[in-house]
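Visitor: I am new to this structure and would like to ask a few things about it. Could you show it first?

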Amino acid sequence: MSAAPLISLRGIGKRFGTHRALRGIDLDIEAGSVVVLIGPSGSGKSTLIRCINGLVRPDEGALAIAGRPVDIHHESAWQQLRTEIGMVFQDYALFPHLTVLDNMTLTPRRRLKLPRAEAEARAQNLLTKVGLAHKAQDYPSALSGGQQQRVAIVRALAMQPRAILFDEPTSALDPETISSVLDVMKGLAREGATMVVVTHEMGFAREVADRVVFMADGAIVEEGAPDVFFANPRHERSRAFLSNIQSFGAKDHG
């Protein structure tokens with residue numbers, strides 16, 4: 001028998017008042033794969049990725065990690081899940097009153113109970129990996145947006161997660177700093193990291209994704225390998241989206 005997907009969603013639904021944000025989402029994420037979620041503004045991409053680790057709680061459906069069911073109604077289950085699944089946000093979410101090193105070591109020390117020396121050694125190695133070892137004692141305000149986002153990525157890596165979720169990680173960055181963040185993400189993909197990425201960077205989706213998932217109106221409309229999806233989308237909604245992207249450049253600004 002084949003191994004269970006690392007992340008498995010079945011029938012995930014979410015409402016905000018009368019608005020149905022997600023409609024019966026079924027999605028499997030295999031270990032070592034890069035899945036990119038794309039679609040117009042309001043399609044449910046960010047809501048879906050946040051449902052995977054409980055930042056937004058699904059109202060219905062089932063979630064499993066490596067075949068282990070997650071009780072979506074209990075906070076303790078989400079807390080355990082967040083030690084296994086990392087998250088990177090578009091606004092970095094660094095603590096402004098802590099140094100870069102302290103930002104990176106806080107959660108490993110609290111959640112994983114790592115000794116300070118071990119947590120700091122792990123953090124320094126990761127900072128070196130992304131060219132920011134010299135920034136370890138700086139505060140976030142002294143860093144550029146691109147540098148802060150690279151810190152946010154390696155902060156997630158410091159927990160040694162089984163997968164990392166990215167919620168539009170470059171949308172708040174200046175154009176000249178986007179490539180430094182995408183380069184880090186491409187490196188993670190080459191190393192075999194499991195990644196689920198909400199992005200408007202179509203070039204990244206084409207180059208790095210193992211699978212592209214196109215969403216609209218809270219549902220998955222179409223999914224497939226990037227070379228197939230971008231060259232020959234099957235659904236009219238997908239074709240219209242890609243046509244708009246081509247008309248306005250390489251990004252979906254929604």
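Visitor: Where is A93 found?
Guide: This is a predicted model. In it, A93 is found in the loop between β6 (85-88) and α3 (100-111).

Visitor: And what is the phi of A93?
Guide: The phi of A93 is positive, about 60°, although A93 is not a glycine. Most residues other than glycine have a negative phi.

Visitor: Is A93 buried, exposed or partly exposed?
Guide: A93 counts as partly exposed, because its relative accessibility is 34%.

Visitor: What about A66, and where is its place?
Guide: A66 lies in the loop between β4 (60-65) and β5 (68-70). A66 is not a glycine either, yet it has a positive phi of about 50°. Its relative accessibility is 38%, so A66 counts as partly exposed.

Visitor: Changing topic to helices: at what angle do α5 and α6 cross?
Guide: The axes of helix α5 (residues 145-157) and helix α6 (residues 175-190) cross at roughly 20° and come within 8 Å. That angle is under 35 degrees, so α5 is roughly parallel to α6.

Visitor: Is the crossing of α5 and α6 left-handed or right-handed?
Guide: The crossing of these two helices, α5 and α6, is right-handed.

Visitor: Which residues make the contact?
Guide: From α5, the contact involves G146, Q149, R150, I153 and L157. From α6, T177, S180, V181, V184, M185 and L188 take part.

Visitor: How many of them are nonpolar, polar or charged?
Guide: The contact of α5 with α6 has six nonpolar residues, four polar ones and one charged residue.

Note on methods:
Residues numbered from 1 in each chain as written. Predicted model: local features only at pLDDT ≥ 70, side-chain atom pairs only at ≥ 80, totals over all residues. Heavy atoms only, no water. Axes fitted to C-alpha atoms, helices over the stretch in contact; angles between N-to-C directions. Helix = DSSP H or I, 4+ residues; strand = E, 2+ residues; numbered from the N terminus. Parallel < 35°, antiparallel > 145°, perpendicular 65-115°, else oblique. Left-handed = near helix turned anticlockwise from the far one by under 90°. Contact = heavy atoms within 4.5 Å. Nonpolar A, V, L, I, M, F, W, Y, C, P; charged D, E, K, R; others polar. Buried < 20%, exposed > 50% of the residue type's maximum accessible area, 1.4 Å probe, protein only.
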